[in-house]
Amino acid sequence: MLEVQGVDAHYGAVQALRGVELTVAEGEIVCLIGANGAGKTTLLNVISGLHRPSAGRVLWQGRPLPPGRPDRAVARGVVQVPEGRQVFAPLTVRENLQLGAFLRWRHDRRGVERDLEEMLETFPILKNRLEQPAGTLSGGEQQMLALARGLMSAPRLLLLDEPSLGLAPLIVKEIFRIVAGLPARGCTVLLVEQNALGALSVADRGYVLTGGRITASGTSAELLADGEVQRAFLGGKEEKTA
Amino acid sequence: MKRAGGKGFYLGLAGLAVGAAVMPLVVTNPYYVNVLNVLALNALVVIGLNLLIGYAGQISLGHAAFYGLGAYISGILTGSYGWEPWLTLVFAAVVVALIALVIGIPTLRLHGNYLVMATLGFNLIVNILTNQMDDLTGGPSGYSGIPSLSIAGVAIDTDLKFYVLVWLLVLVGLWLGRNLVRSRVGRALRALRDSEVAAEAAGVPTRVYKVKVFVLSAVYASVAGSLYAHYYGIITPKTFDIFYSVELVTMCIVGGIGSLWGGLLGAAFLTPLPQALHFFEEYKDLFYGGILMLMLIFLPRGLVSLRLRTPAREETR
């Protein structure tokens, strides 16, 4: 289980998170919705160790994750797929995938090879592109690759930052389909999205982040029915049936 | 020149070995052999420095100081204290590695190019110390009486013998660099250069790696410096001043950033230049600056890009 306890975070003098409390149970898909600048990415960065919190702590499976040490988090199965399709453009698709397994490479090479094969089945789009530089892929393919690279780290908890950002609806659908299947592979998911409708449709539960604070939480059904959430994120009454 | 990748790399290496072996048959004038030796020493430093610039994305303006420290440690300990030259070379490399570690750990923790400032300052300090501590270093007029290296009782005391040794070491330096680049660590370094955040998210301890590459590049410089000291037998602070650091960076950029062959090409192109332009001697730095600017504008990927695709890509095959 992931427990975020009383986390504050700052960028210089600007406070981005205020006393954030959040839990994700194993096997769950939990989504975090909120407007631009609400602190969603910062929260993911704190959990994965990319950003050092100014107060509070993050527990994973009962033990604290050392702040500011993303390599330790990855070693314990907490893996972030950063926002904006951060693939390594000059490296080939294969090398990108191998880098996902960076920490496992030395002691589990065979496992890495097996997972690579598995990734190509999950993401057939990458199969013909293995030796191509990742920078030559389309936006959707790059997001698939970023997701696949994250999965190559053999995550127990995957932190997904805006995987649907700027992608065609069909690709978005495909990505959410894959995300929905992750708990069955033993991977818990914390999903950050501006596409609240899509996120809540795959998530079990959700949190709403506003101005660095958690302002609402509940099951996806509760949040979808919540008037406040509908107004803010789901485009008002028209979307009620979704 | 072949790609610095799989078979291509070994073809290139073999070609270079053959070329280097044939060269002394053609070039018999000791003066030119001397130029080729200096070229090889520069190439050694530049191969290391290029790993830092090309793979960690950091610039050092202190490699002349590492080169100089290698030279002075080797020179003084063998000249004044009678240490065994090869052991001293290793000892100097270890000392320089530790110094690089001390400079690298605090500066490479920070995002942004703080290393360039720290190394610049370090180079100035080393230069002042070698000038001022004349009891130990001989001051501005230099330290002399450094013995030659020897292998199995054969003294490396002629230009030609040194030529064989130093070019063998260039081949070894290239081969080691290539192994690094193609390893899991090299892949991580290339990822780090492209996107530090994503590399961290993949679990790459980016700061540790940056420090390691910096230390490695300093070791390349130190070894070359030790060789220099034993080759010339005399060393002066002027050889290791800040302008030499700038020249080294220029060689990396002219040859091709992040390419092993590029480092060699850069050294090959710029080392003989002062000789070719010797009547402009005073304006040497002007030429270096001009070449650097022209390269950055017209050929930002360096000389290697004339024949090859992007350096980052060719290393992968």
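Against which helices of chain B do the buried residues of α7(B) pack? In this predicted model, the buried residues of α7(B) pack against α1 (7-26), α2, α8, α10 (206-232) and α12 (260-270) of chain B. Helix α7 itself covers residues 159-182 of chain B and contains 24 residues. From its first C-alpha to its last, α7(B) reaches 34 Å, close to the 34 Å expected at 1.5 Å a residue. The buried positions of this helix include the aromatic residues B:F162, B:Y163 and B:W167.

One of the partners of α7(B), helix α2, holds B:L36. This leucine is buried, because 21 other C-beta atoms lie within 10 Å, the cut-off for burial being 20 or more. B:L36 and B:I128, in turn, are separated by 92 residues in sequence and by 30 Å in space, C-alpha to C-alpha.

Helix α2 (residues 30-56) of chain B also packs with helix α11 (residues 242-255) of chain B, at an angle of about 70° and with the axes 9 Å apart. The two helices are therefore roughly perpendicular. To this contact α2(B) gives B:N42, B:V45, B:V46, B:L49, B:N50 and B:I53, while α11(B) gives B:L248, B:M251 and B:C252. Classified by residue type, the contact of α2(B) with α11(B) comprises seven nonpolar and two polar residues, with no charged residues.

The contact between the chains draws 19 residues from chain B and 24 residues from chain A. On the side of chain B that touches chain A, the elements giving two or more residues are α8 (184-194), α9 (196-201) and α15 (311-314) of chain B. The largest share of that side, six residues, is contributed by α8(B), a helix that also packs against buried residues of α7(B). By class, the side of chain B that touches chain A has nine nonpolar, four polar and six charged residues.

Chain A has a secondary structure of nine helices and 10 strands. Its radius of gyration is 18 Å, close to the 18 Å that the globule rule gives for 242 residues, so chain A is as compact as a globular protein of that length. The C-alpha trace of chain A spans about 50 × 40 × 35 Å along its principal axes. Of the 242 residues in chain A, 50% are buried. Among contacts in chain A with a separation of 6 or more, 64% involve residues 24 or more positions apart.

Most residues other than glycine have a negative phi. A:Q61, however, has a phi near 50°, a positive value in a residue other than glycine, and lies in the loop between β4 (55-60) and β5 (63-64) of chain A. A:Q61 counts as partly exposed because it has 14 C-beta neighbours inside 10 Å. Phi of A:A154 is also positive, near 50°; this alanine is found in the loop between α5 (139-152) and β7 (157-161) of chain A. With 20 other C-beta atoms within 10 Å, A:A154 is buried.

Methods. Residues numbered from 1 in each chain as written. Chains lettered and ligands numbered in written order. Predicted model: local features only at pLDDT ≥ 70, side-chain atom pairs only at ≥ 80, totals over all residues. Axes fitted to C-alpha atoms, helices over the stretch in contact; angles between N-to-C directions. Helix = DSSP H or I, 4+ residues; strand = E, 2+ residues; numbered from the N terminus. Parallel < 35°, antiparallel > 145°, perpendicular 65-115°, else oblique. Contact = placed C-beta atoms within 7 Å. Nonpolar A, V, L, I, M, F, W, Y, C, P; charged D, E, K, R; others polar. Expected span 1.5 Å × (residues − 1). Buried ≥ 20, exposed ≤ 12 C-beta atoms within 10 Å, placed from the backbone. Rg over C-alpha atoms; globule rule 2.2 N^0.38 Å.
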